[in-house]
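Hi everyone, thanks for making time. Let's have the structure up on the screen, and I'll walk you through a few parts of it.

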Amino acid sequence: MMTDPILDVRDLCVDLRGGSRIVEDISLSVTPGQTVCLVGESGSGKSMIANAIMDLLPGSLLAVSRGQIRFHGADLRLCGHRALRELRGRRISMIFQDPMSALNPVRRIRTQFDEVFSAHGVEPEGGREARMLELLELAHLPTPRRILDAFPFELSGGQRQRVMISMAMALNPDLLIADEPTTALDVTTQAQILQLIAELQRAFGTGVLFITHDFGVVAEIADRVVVLRHGKIVEQGPLDEILRAPRAAYTRTLIDAVPAWNPRAGGLSTPALVSARALGKVFKGGATALDEVSMDLLAGETLGIVGESGSGKSTLAKCLIGLEEPDHGGIVMDGTDITALPAAQKRLRRHRMQMVFQDPTAALNPRHMIGRTLADVLKVNGCARPDLRARALALLDDVRLDRRLIDRFPHELSGGQRQRVCIARALAANPEVLIADEALSALDVSVQKQMLALFQDLKEARDLAILFITHDLRVAAEICDHVVVMRHGGVVARGTPEAVLAAGRHPYVEELLAAIPGQDWFPAGGAAAARGAGRCAI
Amino acid sequence: MPIWKSLLSRPDAILALILLGAVVLAGVLAPLIFPGGPWRMVARPFIAPFTDMGHPLGTDALGRDLAVALIYGARTSLEIGLVSTCAAVLFGTAIGGIAGFFGGRVDSLLMRSTEMFQTVPSFALAILLVAIYSPSLLSIMAAIAVVSWPPVARLARAEFLSMRRREFVQAALLSGQSNLRVAWSQILPNVLSPLIVMAALMISMAILFESALSFVGLGDPQVVSWGYLISAGRGVMARSWWLTFLPGFSIMLTIVSISILGDAIGDSQDPHFERKETE
Amino acid sequence: MRLRTVICAVFAATVAMAAPISAQERGGSLKVALFPEPPTVVAGLSGLGSASIVSSKIYEALVTYDTDLNPLPWLATSWETSEDGLVWTFNLAEDAKWHDGTPFTAADVVTSYQVFSVENDRLKLISAKIDGVEAVTEHQVRFILKESIPSFIYMMNYGNLPIIPAHLYAAGNFRENPANATPIGTGAFKVADWEKGSYIHLVRFEDYRDGSRPYLDDLYFVTIPDAQGVAVAFEEGSVDVASASNLEGFDVARLSAMDGVERTNHGWEMLAPHGFMWVNTQKAPLDRVELRQALNYALDKDFIRDVVFNGLATPPRGAFDSRTKFFDAGVNAYAFDPEKARDLVAASGYDGAVLKLSTAPVGSAWARLAEYEVQAWKEVGINVELDNNDVGGYLKKLAERSYDLGNIYLYQYGDPSVGVTRNFYSFNDVPGSPWNNVGRYVNPELDALLTQADAVNDPAERAALYAKAQQIIADDAVQVWTAELQFPTLYRSRVRNLVTTALGLSDSFANVWVEQ
C-alpha cells in the first residue's frame, strides 16, 4: 500500500563549510502512521540528517549541498524562513535526547506550552488550558495540573520527556522526529515512552522518524529500518527483512552487538575482598541514597550492581571507593573497617580500588597527553622516572591500543579508545578491584562487545575483581558471577544471574525484564529460557 | 598555538598587537634611547608639538620634552600594570583555588574575607593605602594589587569548584595523587584561559588606577607617569592643551589595545579540547 | 602727650574720613575666590593666609596700616606713647559691639593680649618685654613695657593681636574653647553659613559702629581648589575678586586684559610674601655651610621668576624682602653659578646621600618649583627626591623638624622685628610650631645683633645692625632664597575700595562697595 509519503528525502548531502562531506546521498521516506528507525553509531550522521530536515544545522559550519527534502511534496530547501517556521512545531515536530536542555529551566511548563500555541497563532477550541491538560493526560502524566505549574527541574527525566512529547504533539503534527529520546532514560521509563509514542501514533496517524543506536529499540518499534554508517546509508528496508536477512556485514555487526540472553550459572566462592556492611546515606534534602546496603565482592569475581537511576548503585560505588562518605555502616577490607580509619590511612589504601567512569571524555584531562596522564598515575604509585614511558607503553599494550597514541591528546581519540585509556589509567595504580561505573553506556554498541572481552582478559591476566555497575540486564546476565539488584537505595535481590534473573523470583526483576525492548527478536528473561537459549533465526 | 592564530586572523587584534608592542618597546628601551631621563629641562617651555623637530611633541611648563616624558611614562605604567596584576592574580588564584577546591568551611571563611575587601570602594581603599604608606612605586603596586585580587579569587573559586567535580579530577585523586598535585597539574592548566583573559583586562585597570592616583597627587614623585603628566598639564590646559591630551590619548590607546587583545584571547578559547564528537 | 602722637591721630582721622571717595552705594554682594579652605575662621587660630583673609572681616585689630606702612586707626581711634616709650595708651572706639550684642570694652583687649601673647609666635617673642596690659577705663587700654620696643605699633597688627571677646575667652584654653564653633567678632561682617568645601557666606553686621557701614549685604568666599577653576570662575563672573596667589601666571596676564577688570599690585606691602626654602641646618649633611651655599648657587632665580612664577616675582637678596623696612641691597644674592656650586659641593664632602624635598599641593607653580629645584641640584651633583604630603602633613613635618628641605613663603609684616627676626633667633627653635625658627639655626652672634636691633629706637642704628645681620644670614646660607612674590589682585571694575591698605585682602571690608 503506497500512500503518499509525508517525508521524502532524496539524495541529501550535507557538507562542512569549506570542506568535507559529512552526509552523502541519503534517500528515505516516511508515510503516515509509519515508524522509520534511523540506526547508526556515533559519527554516522543520523542527528545531522534530522537537523537538516528541520533546518537546524549550525549555518556557519554546515550546509545542505545537494538533494531534496520533500514534505508533502514540497521541497523544504526551497521554502523561505517564514514558511519553515510555520511548519516547525505545527506540521513537523522534534524531540531530543536531553529534555532538560530543550526546556527553559527558569520558566514554568505552562509558559513554555503556551509558547507553542502562541508561536503558531493556534487557539484550540475549549481553550489552551483544556488542551494542555488533555495532552498531558494522554501522556500518562499523573497530576497534569501540578505539572503545568512546575519548573522543569522539579520533574524527573521521564516526566520531562513526556512533557516534551506532549508539547511536540500539541498541534497534531504530521511528522514527529525523535532524536534518541530514550537513550538517557531508565529501561522501565524507556518502555513507557516507547509505548506512548506508539499510542499517539496510532491515535493521530503521525509518521515517526526515530533515531537510535540500539537495535533492541529498533526491534520494538520500527516498521522500516535505515542503517547509517559514516554518513552513508548501508542498507534499508522493512524490519523483518533487515533482522532476518541483513545484507551488509555492518548491519550484522550491529545486530550481533545486542547481547544474547545467557545468564551465567556463576557462583564463585572465594573469600570476600571488599564488603559493605549496612551502609546508609541520606542526601541533603532528605532523599535516601543508601538504605542499609550490604554486599560482598569476592576475590577474582565480576559482581554486577543493577538498578535504575536513583537506585543508589553509583552512590554505593563511590562510597566503596572513597569519593563519598556513608553516614553510617562499615566497609571492610582485609578485615579492617576502612571507614573508621583516619584520612591518611585511607589514602594509603586508596590505590587498591580504581574506577572507570561513564563518560570517557570528561574522565580525561583535555590538556594532558595520554602519556602524561598515565605517567602521573605511575609516578604517584612508585614508578621510577626512567621507567615511566616503558610502563605507560606496556599499559597501552594491555588495553590493546596503538602505542603511538601515547603522544596524542584525548580529543584525537575515539570514544572507545578514550575509555581504554581510562582503563589503562586505572590499571596503572595496580588495583585489586576495578569498579566500572556504567563504563559502557556512553560507547557505541559495536564497541561494547570488544570492551567486555577486554575486561574479561584483564581480569584473568591481573587477577582483578570487577564491580560492574550497569542498567543493562543483558550485559549483567552475560558477564557477572553474582548480581545485586538495587532499587530506591536498597538491595532487592542478590545471587547468581541465573537465580536472580530467572522468571518469577522477584516482581521488580520481572518489571525490569519486561521493559527490555525488542524481545520479540532479542529475547530476554524467562521468555528466552522458555524458548530455549539463543534468538530467532539469524 | 591556537591563540596566536586567532589573534593574527583579526585585523583589530593585529593593530592592537602593533600598538601595544610599540608601547612595550618604548617602555623597555627608554633608558637606552633617552639616558638623561624625563625630568631634564632641555628647551624653552611650552613649545607646541610638531613645530620643533628636536622636540617633536613639544615641551611642558618647565621646558621638559613631552615625547621623552611619554616614553618614560609608558615604562612606569607598564611596570606598575604588570607587577600589580601578577601579584593580584597569583594571590587571588591561590585564595580562590583553595576555597573552590576544598569547599565547606574553608570556602566560607575565604569568601567572606574576600567579600570584605570587595565591599570597600576600591579606588578609595587604594588612595588610603598609598597615603598611609607614602607614595612610591612599591606602595602603589601593592595598593593596586590589594584592591584588585577579589574578582580573581571569585573567578578562580568558580573554576576550581566546577573542575573539582569533573571526573578526571576525581580519577586523579583516586589514583593517589595528593590534593596539591591535583590542583596544580590537573585543574590549574584548565582554568588558566579565563584567568589569562581576566589578567589582560586587569592590566588595563591597573594602568588606570595608577593614572588616577598620580592625578590626585599620590603618584611616586620620582617617576614620570601618564597620570602625573595629565595632572601637571591640567594647570596650563587653557594654553597648552596637548600637555594633557597626549598622555590621556596614550592611556586610551594602551587600554583599548589590551582590551582588544583580551577579547581575542577569550574568543580563541579553543573549543577543540572541550568539544564533544559531532554526531 | 607728645606732639607726634597728636599729629598721628589727626592724620589718621583725616585718612580715615578721606577713604571713601565717590558716592558709595549700599547693597549687593561680593564673591572672592579663596584657597586653601581654612580649617577655621576664628581669629588667630590658624596661621594660614586664607584664614586671615576671612577672619579679618569678622574680627578687628587695634590698628591697620596704609601702603606706606603708616599706622591707621581701627578698633583704636587714637594712641599715644610716653616719653620713654614704655607706656602705650590706646583710646578705643566707643560704639563698637560684638556680634552677640555685648559692647566692646578695654577688657577685651586685655584678654586678647593674654591669649595671644602665648598663642601667637610673633607676639610671644616680645611678651617678655611687656610688663602688663590693663584696662584704664571702659574705652582706654594701656600697655606697660619693660623695655622700649621700636616696632611696637607694628606688633599690634591683625596677624599678631586680633581682638577676641573677653566674655567668651577670658577663661580656659583658647584652642579648645567651645566658643570657637561660632566666631564672634567686632568686624563689619558675621558668619551666615559655611558649606564646607564650597563657600563661606558672611552677612552685614547691622550694628557695626554707627550702622552706616558696611556697604555690602553679603560676602562670599568661594573655595576653588585649583588655579584653572579660579580662572574659569573669574572669567565667567562667578567670582568678582581673585588673588594671583590662586591663579596661574599666564591666566593673570590674560584675565587682567579683559574688559571691566582691574588689577592692583597693592595690598602686600606689609605682608611682603617672601619665598624661600627652610633648610634643616642641624641635620647632616645640611649642617655644612658649603652645601647650603651650593644649594643657593645652583638655582637660577631669573628662571624661577620667568618660568615658574610667570614674571610675577623678583629675584630675592637674602632673608629680608625688598619691601620690608631696613632692607639692605648689598647682600650676597647668590647669582646663578653652577660651577661654583659644584666646587662647593665637593668642598662640603657631600657623599651623595639622598635629601628629601618635602612638598604640599598648594598650586602648580610650587609643584613646578620643586621639580625645577630637584633638577637644578641634580645638575650640580646633589641628590634630592620629592616627598609629597598634604598641607597638614607638610606643616607637621616642619613643626616636628622631621624634614630636610621645604619650600615656603612667609609674611614679613613690615618691620623685621615682627616677622623676620623670629625665623633666626636660636631660642625660637621650638618644635611643635611650623611658624618659628624651623631651620634650627643657632648663631649667638646673630642672636645678639638681632636682639639689639629689635630693641634700639634709633632708626639709623637699627639699619646698621640689621644690615650686618642680613650679611651674616646670607653668607651662612641659612635658607635657600627663591623669590619675592607678587600677588596682584584682580577684580571687577564695579568693585570699589577693595585694596586700600597695606594688608590688602586681609583687612576689613567695611569700606568696600559695588556699583549696582
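When I say helix or strand today, I mean a DSSP run: at least four residues of H or I for a helix, and at least two of E for a strand. Please keep in mind that this is a predicted model.

With that in hand, look at residues 196-219 of chain B: the span is 83% helix and 0% strand, and its end C-alpha atoms lie 27 Å apart. Residues 80-103 of chain B come out at 96% helix and 0% strand, with 33 Å between the end C-alpha atoms. Both spans are among those that UniProt, in an unreviewed entry, lists as "transmembrane region" in chain B.

Now over to chain A. Here 4 strands make an open, antiparallel sheet, in the order β2-β1-β4-β5. At the edges sit β2 (21-30) and β5 (74-75) of chain A, each with pairing on one side only. Strand β1 of chain A, residues 7-16, is joined to β2(A) by 6 bridges, and A:V14 stands opposite A:V23 in β2(A). Helix α1 of chain A, residues 46-53, lies across β1, β2 and β4, and runs at about 110° to β1(A).

Last stop: where do chain B and chain C meet, and how much area do they bury? In contact there are 19 residues of chain B and 16 residues of chain C. Together the two chains bury about 1,600 Å², 57% of it on carbon and sulfur atoms. Between them we count 3 salt bridges. One to find on screen is the salt bridge between the side chains of B:R40 and C:E379, at 3.8 Å from N to O.

Definitions and conventions: Residues numbered from 1 in each chain as written. Chains lettered and ligands numbered in written order. Predicted model: local features only at pLDDT ≥ 70, side-chain atom pairs only at ≥ 80, totals over all residues. Heavy atoms only, no water. UniProt positions renumbered as here; feature names shortened; annotations may be inferred. Pairing = 2+ DSSP bridges. Contact = heavy atoms within 4.5 Å. Axes fitted to C-alpha atoms, helices over the stretch in contact; angles between N-to-C directions. Buried area = accessible area lost by both parts, 1.4 Å probe. Salt bridge = Lys/Arg side-chain N within 4 Å of Asp/Glu carboxyl O.
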